Amino acid sequence: MTRRRRRAAGRRWDMVEDAFDLFLDAMANTLGVIMFIALMVVLFAAPPKPPAPATPRVPSSEAAQVAELLERLAALESELEQLPPQGDPELVARMVALEAELQEVRDALARTLQATAEAADALRDTRRLTRETDARTRGLEARRQEVERRTAALGQSSSFVRLSRFRQDERRPVLLLVSAQGVERAEPVPGETTIRPGGRHIFAIETNEQALMALPELLRGTAPSTHRLEVGVWDDAFAAYKRLERTLVEAGYDLNPLPVPTGKALEAGASGIQ
């Protein structure tokens, strides 16, 4: 009787263990299926990752700063994607701060690109102005060379002084005095032995234009065909005389320059003065 009871109890215990194993297998399989389904949902339902922003083309001088800003921007976006959209207030506040910092980085990048574009525009303007300045410089250089050429030609022509043999020339003499004060027309008085500059209408001839403007008054009532010019030149007025000489020669007059030492007087009758 006792053995039968023991055998019956052993069978019941084996049956309980088999049922418990089947229950655990069923729960494990069910949990595996649920986890597999959840994994598939997460993988296929996750939003696509946004493409990486294109790297803007900037000059080499700004490349390091732009690269640093882009690297910081990528790091912030990666950190932002890992944060939950809602939940912990501390995480939400951190996400807001990261978004603000991200916006600052974007603004800094935009300012950098804007500054780079403005620098490129300024460089183009500078190059354009440089080309225009070079063109003007070449034009001025050409004009300077032309002026020098004409000045040299005029200098060569004015270096030729027409000397008239007054004793053989029947034209009336006209006496001009060139001193440090300027040029004046002198009218010798019969019996006057010396002639000094000053006391008459004096014209300044510091430039070629002034010498040209003085001619009408100096040569009033004269003509190259009827008058000859005698020019008393003091040593301290040689440069002024050369300007006057050029103008008179171009006007067709014959000249007889009479050098006079500074401080001395032009003597009447000397060098052909009558």
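Modeller: Start with His227. Leaving aside neighbours within four places in sequence, His227 is in contact with Arg171, Arg172, Val174, Gly221, Thr222 and Tyr253. Keep in mind that this is a predicted model.

Biologist: Why is His227 called buried?

Modeller: Its relative accessibility is 9%. Buried means under 20%. His227 therefore counts as buried.

Biologist: Where does His227 sit, and what makes its link to Thr226 a polar contact?

Modeller: His227 is in strand β5. The side chains of His227 and Thr226 are joined at 2.7 Å. The cut-off for a pair of N or O atoms is 3.5 Å, and residues adjacent in sequence count only if both atoms are side-chain atoms. This contact joins side chains, so it qualifies.

Biologist: Now Leu248. Is it buried or exposed, and how do you know?

Modeller: Leu248 has 0% relative accessibility. The limit for buried is under 20%, so Leu248 counts as buried. Leu248 lies in helix α5.

Biologist: What surrounds Leu248?

Modeller: Beyond its neighbours within four places in sequence, Leu248 is in contact with Leu176, Leu215, Leu219, Leu229, Tyr253 and Leu255. Take Leu219: it is 29 residues from Leu248 in sequence, and the C-alpha atoms are 9.6 Å apart.

Biologist: Which residues have the most contacts inside the largest nonpolar core?

Modeller: They are Val178, Leu218, Leu244, Leu248 and Leu255, in a core of 22 residues. Two or more residues come from each of β1 (172–179), α4 (208–218), β5 (227–234) and α5 (238–251). α5 gives the most, with 5 residues. Another core, of 10 residues, lies apart from this one and includes Val66, Leu69, Leu73 and Leu98.

Biologist: What makes the length of α5 close to the expected value?

Modeller: α5 has 14 residues and spans 20 Å from first C-alpha to last. At 1.5 Å a residue, 20 Å is expected. Buried residues in α5 include Ala240, Tyr241, Leu244 and Val249. Gly252 follows α5, with a positive phi near 100 degrees.

Biologist: Why are β4 and β6 called edge strands?

Modeller: The open sheet has 5 strands in the order β4-β2-β1-β5-β6, with mixed pairing. β4 (202–203) and β6 (255–260) each pair on one side only.

Biologist: How do you know that β1 pairs with β2 and with β5?

Modeller: Pairing needs at least two bridges. β1 and β2 share 5, running antiparallel. β1 and β5 share 7, in the parallel sense. Both counts meet the requirement, so both are pairs.

Biologist: Which residues stand opposite each other there?

Modeller: Leu177 faces Gly232 in β5. Val178 faces Val183 in β2. Ser179 has Gly182 of β2 as its bridge partner. A hairpin of 2 residues links β1 to β2.

Biologist: What makes β1 mostly covered?

Modeller: In β1, 6 of the 8 residues are buried. α4 lies across β1, β2 and β4, at about 10 degrees to β2.

Technical notes: Residues are numbered from 1 along each chain as its sequence is written. This is a predicted model: local features need pLDDT of at least 70, side-chain atom pairs count only at pLDDT 80 or more; totals for chains, interfaces and linings use all residues. Side-chain values use heavy atoms; hydrogens and water are left out. A nonpolar core is a set of buried Ala, Val, Leu, Ile, Met, Phe, Trp, Tyr and Cys residues joined through side-chain atoms within 4.5 Å. Buried means under 20% relative accessible area, exposed over 50%, partly exposed in between (1.4 Å probe, protein chains only). Helices (H or I, at least four residues) and strands (E, at least two) are DSSP runs, numbered from the N terminus. The expected span of a helix is 1.5 Å times one less than its number of residues. Contact means heavy atoms within 4.5 Å. Axes are lines fitted to C-alpha atoms, for helices over the stretch in contact, and angles run from 0 to 180 degrees between N-to-C directions. A polar contact is a pair of N or O atoms within 3.5 Å; within protein, one must be able to donate a hydrogen and the other to accept it, and residues adjacent in sequence count only if both atoms are side-chain atoms.
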